[in-house]
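Please find below some short notes on this model, as numbered points.

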Amino acid sequence: MAAHRRPRRGDHRAAAIWDDLPAFQQLLRDTAAVARQASEAGDIAGFRAEWDKVAAACTTCHESYVFFDPFAAIN
Ligand code: HEC
């Protein structure tokens with residue numbers, strides 16, 4: 001298991017979240033908004049274009065607050 005070791009659940013939250021909680025919450029709301037846009041796309045091309053924004057939003061928040069890249073394993 002050592003090769004794929006990662007912190008226990010909860011251990012990789014950055015203290016920066018608590019330094020500016022409103023900014024963190026705004027990022028969360030922005031991400032939810034682009035996710036909703038993606039869900040309302042009329043076709044797969046439209047969904048893909050919107051999904052890129054969702055993925056970028058995930059990465060933006062994780063880069064600022066989390067020591068964990070959710071896309072490292074799948075991209
Ligand atoms: C507003 C900030 C924010 C956004 C936006 C965000 N995340 Fe996260 N994410 C976090 C934080 C903080 C954690 C760490 C939670 C913890 O350690 O308890 C996390 C953890 C995770 C984890 C790991 C969970 C675990 O148990 O280790 C995954 C997977 C993940 N996020 C996927 C995503 C995906 C996919 C998106 C985009 C759809 C996304 N996140 C958007 C803040 C965010």
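1. A residue is buried if 20 or more other C-beta atoms lie within 10 Å of its own, exposed if 12 or fewer, and partly exposed in between, with C-beta atoms placed from the backbone. By that count, 0% of the 75 residues of the protein are buried.

2. This is a predicted model, in which local features need pLDDT of at least 70 and side-chain atom pairs count only at pLDDT 80 or more, while totals for chains, interfaces and linings use all residues. Residue numbers start from 1 along each chain as its sequence is written.

3. The protein has three helices and zero strands (DSSP runs, H or I of at least four residues for helices and E of at least two for strands, numbered from the N terminus). The pattern along the sequence is α-α-α.

4. Helices α2 (residues 21-39) and α3 (residues 44-65) pack at about 165 degrees, their axes 8 Å apart. Axes are lines fitted to C-alpha atoms, for helices over the stretch in contact, and angles run from 0 to 180 degrees between N-to-C directions. The two helices are therefore roughly antiparallel (over 145 degrees; under 35 is roughly parallel, 65 to 115 roughly perpendicular, the rest oblique).

5. Contacts require C-beta atoms, placed from the backbone, within 7 Å. Residues of α2 that meet α3 include Phe24, Leu27 and Val34; on the α3 side, Phe47, Trp51 and Tyr65 are among them.

6. Ser64 lies in helix α3 and is partly exposed, with 14 other C-beta atoms within 10 Å. Its C-alpha atom is separated by 8.0 Å from that of Ala16, 48 residues apart along the chain.

Definitions and conventions. Two residues are in contact if their C-beta atoms, placed from the backbone, lie within 7 Å.
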